[in-house]
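Good morning. I have one structure to go through today, and I will keep to what can be read from it. Please look at the picture first.

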Amino acid sequence: MLGHLFQIGASLLAILFLAWVCLKLGLGTDVRIANEDQARRLAAEAAFDFTATELALDRAGIGALLRDRKGRIMLLRRHGAHFVARLLDSHAFSRLDHNFLTIGSGEKAFGSVTLDLGSKAQVWASSLRHLGG
């Protein structure tokens, strides 16, 4: 009987420890891009020489499209508790549906994301067509 109580107590402590570790790692949090400055900082961290001059944030903060002076376009999207970025080189994986723009990089591991860009969606879809197919 005493052995069972000890086992239950040890199991509860292990669960609490794992929950604490997850909390410290930021796992399970709802990560969003809060503003344009954060999007610019994330883009600069993703690519050394990328300085965004123009950007469009998703209304929910789950992603962003950014353009630099060289005309390169970067897609930022949420991936778990972090953000990932890809420089886009084709419009073949993009689709416009009113205010929503679905974009992919062509990499299966990166996947695609649907961004609610509002009135900017049509402008960005048009600029993606200049990337080629």
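Predicted model: local features only at pLDDT ≥ 70, side-chain atom pairs only at ≥ 80, totals over all residues.

Strands of a sheet pair through backbone hydrogen bonds, and the pairing can be parallel or antiparallel. Here we have an open sheet of 4 strands in the order S1-S2-S3-S4, and the pairing is antiparallel. Which strands are at the edges? They are S1 and S4, each of which pairs on one side only. On average, neighbouring strands of this sheet are turned by 25 degrees against each other, if we ignore direction.

Now two of the pairs in turn. S1 covers residues 52-57 and S2 covers 63-68. These two strands pair in the antiparallel sense, over 5 bridges. To find the pairing on your screen, look for Leu-55, which stands opposite Leu-66 in S2. S1 and S2 form a hairpin with 5 residues between the strands, and in this hairpin Gly-61 takes a positive phi near 80 degrees.

At the other end of the order, S3 is 73-79 and S4 is 82-88. S3 and S4 are also antiparallel, with 7 bridges. Arg-78 has its bridge partner in S4, namely Phe-83.

Next, the helices. Helix H2, residues 36-46, lies across S1, S2, S3 and S4 and runs at about 120 degrees to S1. H3 lies across S1, S2, S3 and S4 as well, at about 130 degrees to S1.

Let us stay with H3, which is residues 120-129. Which of its residues are buried? They are Ala-121, Trp-124, Ala-125, Ser-127 and Leu-128. Looking down the axis of H3, you find these buried residues within an arc of 165 degrees, so they line one face of the helix. What do they pack against? The buried residues of H3 pack against S1, S2, S3 and S4, and also against strand S5 (94-97) and strand S6 (100-104).

That brings me to the loop between S5 and S6, where we find His-98. Its phi is near 60 degrees, a positive value in a residue other than glycine. Is His-98 buried or exposed? The cut-off for exposed is over 50% relative accessible area. His-98 has 63% relative accessibility, so it counts as exposed.

That is the end of my part. Thank you.

Conventions
Residues numbered from 1 in each chain as written. Heavy atoms only, no water. Buried < 20%, exposed > 50% of the residue type's maximum accessible area, 1.4 Å probe, protein only. Arc of directions from axis to C-beta. Contact = heavy atoms within 4.5 Å. Pairing = 2+ DSSP bridges. Axes fitted to C-alpha atoms, helices over the stretch in contact; angles between N-to-C directions.
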